[in-house]
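Subject: Structure for you to look at

Hello,

Here is the structure I promised to pass on. My notes follow below it.

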Amino acid sequence: MDLNTVLDVRDARHREPWRPGDAWLGGGTYLFSEPQPHIRRLVDLSRMGWPPLSRQPDGSLDIAATCTITELSRFARTLPATAAPLFEKCCRAFLASFKIWNMATVGGNLCNGLPAGPMISLTAALDGTVLLQGQDGATRRLPVTEFITGAGVKVLRDGELLRSVRLPARALDCRTAFRQASLYGLGRSGSLVIGACDPADGSLAVTVTAATTRPFRLWFALPPTAAELRAAIDGAVRSDEWFDDIHGLPAWRRHMALLQAEEIRRELTPEEHR
């Protein structure tokens with residue numbers, strides 16, 4: 001789509017004062033998908049030269065905001081980590097063509113903050129944290145679950161940039177389970193639940209996304225019973241936080257999330273503890 005209100009496109013390497021009407025441009029798959037009448041200038045991140053993915057000395061993984069879905073998918077195929085298959089499953093949860101895969105970015109999916117964003121699901125489930133950079137160069141780090149506070153609602157300040165997402169080494173070593181449901185065969189996710197079992201201490205994290213307005217990550221020091229898991233989800237998610245749109249009613253989304261969470265609990269919990 002032509003954005004006929006845009007008057008200028010600037011290179012993000014040339015730091016300039018942020019002004020009303022500015023917007024960061026990553027892959028542009030959302031920006032150019034519908035009218036953006038409030039935007040006057042695009043600040044292009046494509047030439048920043050950030051490495052798409054990099055392992056840190058402590059074993060954690062940094063994913064640049066400009067990393068495309070294609071780059072993430074290819075990298076995960078050779079990633080020597082127990083949780084590596086989860087990356088591809090979340091990439092495949094996109095309702096997107098190969099052309100979108102080659103342009104859409106991890107940072108863009110996070111910054112849209114939409115309930116069905118599968119990069120939100122992936123990074124929240126693996127205990128990810130986002131690195132945010134302000135116009136003055138100051139940085140701050142937040143859990144993904146605190147970065148997104150509602151459907152399309154983020155804690156980004158004016159002109160602030162999402163620089164990268166970090167996944168800790170311990171999370172990459174987790175056994176994972178994935179469940180996704182849509183109303184239609186090729187429809188947007190109506191519920192997406194991921195479990196992550198830590199082999200170091202046996203703890204279990206269950207992350208509910210798509211069904212809810214924001215990501216919810218529930219952590220259990222010991223494997224919960226079916227009743228405990230259900231009570232934890234119902235206690236964490238308020239009735240108005242079950243998402244409601246054309247892709248699924250709140251009651252259906254809650255039902256599917258609870259069903260998927262129980263399937264995941266049974267898959268990741270040793271038989272003697274079920």
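Arg47 is exposed, with a relative accessible area of 56%. (Exposed means over 50% relative accessible area, buried under 20%, and partly exposed in between, with a 1.4 Å probe and protein chains only.) Arg47 forms a salt bridge with Asp11, and the closest N and O atoms are 3.9 Å apart. (A salt bridge is a side-chain nitrogen of Lys or Arg within 4 Å of a carboxyl oxygen of Asp or Glu.) Arg47 sits in the loop between strand 3 and strand 4 (53-55) and Asp11 in strand 1, so the pair ties together parts 36 residues apart in sequence. Asp11 is buried, at 13% relative accessible area.

A word on the source. This is a predicted model, in which local features need pLDDT of at least 70 and side-chain atom pairs count only at pLDDT 80 or more, while totals for chains, interfaces and linings use all residues. Residues are numbered from 1 along each chain as its sequence is written, and side-chain values use heavy atoms, with hydrogens and water left out.

More on salt bridges. The whole structure holds 21 of them. Glu16 and Arg10 make one, at 2.7 Å from N to O. Glu16 is partly exposed, at 29% relative accessible area. Arg10 is partly exposed too, at 32% relative accessibility. Elsewhere, the side chains of Glu160 and Arg140 meet at 2.8 Å, N to O. Glu160 lies in the loop between strand 9 (153-154) and strand 10 (161-167) and Arg140 in strand 7 (residues 139-143), so this pair ties together parts 20 residues apart in sequence. Glu160 is buried, at 6% relative accessibility.

Next, strand 3. (Helices, H or I with at least four residues, and strands, E with at least two, are DSSP runs numbered from the N terminus.) Strand 3 covers residues 41-44; Arg41 and Val43 point one way, Leu42 and Asp44 the other, and all are buried. Strand 1 (residues 8-11) runs parallel to strand 3, joined by four bridges. (Two strands pair if DSSP finds at least two bridges between them.) Asp11 stands opposite Asp44 there. Strand 2 (residues 22-25) also pairs with strand 3 in the parallel sense, over four bridges. In that pairing Asp22 faces Arg41.

Strand 12 is worth a look. Seven of its seven residues (191-197) are buried, so strand 12 is largely enclosed by the rest of the structure. Both faces are covered: Ser191, Val193, Gly195 and Cys197 on one side, Leu192, Ile194 and Ala196 on the other. Strand 11 (residues 175-181) pairs with strand 12 in the antiparallel sense over seven bridges. Thr176 stands opposite Ala196. Strand 13 (residues 204-209) is also antiparallel to strand 12, with six bridges. Ile194 stands opposite Thr207. Six residues separate the strands of the hairpin of strand 12 and strand 13, and Gly202 takes a positive phi near 80° in it.

Helix 9 packs against this region. Its buried residues meet strand 11, strand 12, strand 13 and helix 8 (226-236). Among those buried residues are Met256, Leu258, Ala261, Ile264 and Leu268. Helix 9 (residues 250-268) has 19 residues and reaches 27 Å from its first C-alpha to its last, close to the 27 Å expected. (The expected span is 1.5 Å times one less than the number of residues.)

Phe147 lies in helix 6 (residues 144-147). Phe147 is buried, at 0% relative accessibility. Leaving out residues up to four places away in sequence, Phe147 touches Leu110, Cys111, Val130, Leu132, Val153, Lys154, Val155, Leu156 and Leu162. (Contact means heavy atoms within 4.5 Å.) Thr105 lies in the loop between helix 3 (98-101) and helix 4 (106-112). Thr105 is buried, at 9% relative accessibility. Beyond neighbours within four places in sequence, its contacts include Gly26, Gly27, Ala65 and Thr66.

Last, the loop between strand 11 and strand 12, where Tyr184 lies. Tyr184 is partly exposed, with a relative accessible area of 45%.

Best wishes
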